Amino acid sequence: DILIKDFSTFANRGIPTFKKADPLSQHLVALEPKRWRPLRTRLSPVFTSGKLKEMFSLISECADHLVQYMEKVTSRDEPVECRELTAKYTTDTIGSCAFGIEMNALSDEDSEFRKMGRKLFKPTWKSILRFRMRQMFPRLYELSAYVLPQTEVTKFFTRVIVETMDYRETNNITRHDFVDTLRDLKKHPDKLGDIELTDSLIAAQAFVFFAAGFETSSTTISNALYELALNKKIQDNLREEIDEVYKKHGRDLTYDNIKKMDYLDKVFKETLRKYPPATLLRRESMSSYTFNGINVSIPKSQQIWIPIYAIHRDPDIYPKPDVFNPERFDEETVRSRHPMAYLPFGDGPRNCIGARFAVYQSKVGLVKILRNYKVETCEKTPIPYVNDPKAVVLTPKGGLHLKIIKINRP
């Protein structure tokens, strides 16, 4: 009822945005419905399956760079921290597909984009303090803009997006990607009605695509590798499917080949079931409301949290929830469950706009890794997996170390 049927009452996420203190907070995930609706409508065409097909060769190329980079990493014969490894890949993919920028996170240890990505998601006392202040004293936080300098991340992203747009304008470059869609909106602000389209509002949309896109996918790939290292039989079965597809279709992996990998899809979905990067969904009631059938009433502006992690780990929905079992996602079993029992990308009009992109970016990365490497646990592998309570998205404490072994193919 909240996410779909009565969405109009719950279109707000209830996340504060700050025009001055944190201009990049004015993004699609947090915006109030008045600005969210027209922006979502205009940005959605960037994420259609047709667009994804066009981007597929770029994603595949970044995954090939990842495999080459792994050659270097595995030659040291040391445990590999998989979250950092996969974050470099997803940073490059998003850079290439969305911004037309070579972010070079795989080839350059000092990649500025990778540095900013780490800053964004690594909890420090400063970032925790800022976050707490935003939540508890929003008015005071907005006023702090007159005293506190803008964060390094805010300055960096605003500059990069403005410069990229100006460069394309000056040199007459068109790529039909995310940046071009933002450029088009800047040229035709009337498409958004009476919304004031500032540089910071534009930069905020690009920023959230980068931030949400690289960290969630890299975490999902590394969590999948973790479970495959613990479950050798599942890893072998998945590699068999991958090899079968390569045998049939040759070396060039296509969008449609990935679509045909049924077992890969199950492994991917079970990874997101067990480790949903966003552990809850937030909504806020825009008027008073009475829930259907349970006679519970709530006032206007009531904060609502939908606990994805708890639903995904509920033994009444998923028996033995701590067991990694891809067969939970065969067609018949899925049909027997309530559709709202699985929410890694949310649902309804405010679901994840980049879900399709995230799925393919993650799957292509997994396919190329498993085609060329085996993953095993090592003495540094966290067993059991302990969630980091300070992290922004669901991540393990102390990283995710695995042993990666090259497969020598004839």
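Among contacts in the protein chain between residues at least 6 apart in sequence, 74% join residues at least 24 apart. The model described here is a predicted one. Its chain holds 15 helices and 7 strands.

**Overall form**

The C-alpha trace of the protein chain spans about 60 × 60 × 40 Å along its principal axes. The radius of gyration of the protein chain is 22 Å, which agrees with the value near 22 Å that a compact globule of 410 residues would have. Of the 410 residues, 51% count as buried. The protein chain exposes about 20300 Å², and 53% of this area is supplied by carbon and sulfur atoms.

**Helix 1 and its cover**

Helix 1 comprises residues 33-43. Its buried residues are P33, R35, W36, P38, L39, R40 and L43. An α-helix has 3.6 residues a turn, so residues three or four places apart point the same way. The cover over the buried residues of helix 1 includes helix 8 and helix 9, the latter formed by residues 199-230.

**The annotated cysteine**

An unreviewed UniProt entry lists C352 under "binding site". C352 is placed in the loop between helix 14 (331-336) and helix 15 (355-372). With residues up to four places away in sequence left out, C352 touches R40 and F345. R40 is also one of the buried residues of helix 1. C352 itself counts as partly exposed, because its relative accessibility is 32%, and the limits for that class are 20% and 50%.

**A buried lysine**

K266 is located in helix 12, which consists of residues 262-274. Is K266 buried or exposed? K266 is buried, because its relative accessible area is 12%, and buried means under 20%. Leaving aside residues up to four places away in sequence, K266 touches P326, E327, F329 and D330.

**Backbone features in loops**

Most residues other than glycine have a negative phi, and most peptide bonds are trans. The peptide bond that joins I383 and P384 is cis, with omega about 0 degrees. P384 is found in the loop between strand 6 (373-376) and strand 7 (401-406).

Positive phi values also occur in residues other than glycine, namely N172 and S301. The table sets out their phi values and relative accessibility.

| Residue | Phi | Relative accessibility |
|---|---|---|
| N172 | near 55 degrees | 67% |
| S301 | near 65 degrees | 45% |

N172 lies in the loop between helix 7 (152-171) and helix 8 (178-187). Helix 8 is also part of what covers the buried residues of helix 1. N172 is exposed, because its relative accessible area is 67%, and exposed means over 50%.

Where does S301 lie? S301 is in the loop between strand 4 (297-298) and strand 5 (303-306). At 45% relative accessibility, S301 counts as partly exposed.

Technical notes
Residues numbered from 1 in each chain as written. Predicted model: local features only at pLDDT ≥ 70, side-chain atom pairs only at ≥ 80, totals over all residues. Heavy atoms only, no water. Helix = DSSP H or I, 4+ residues; strand = E, 2+ residues; numbered from the N terminus. Rg over C-alpha atoms; globule rule 2.2 N^0.38 Å. Buried < 20%, exposed > 50% of the residue type's maximum accessible area, 1.4 Å probe, protein only. Contact = heavy atoms within 4.5 Å. Areas by Shrake-Rupley, 256 points an atom, 1.4 Å probe, with all protein chains shown as cover. UniProt positions renumbered as here; feature names shortened; annotations may be inferred.
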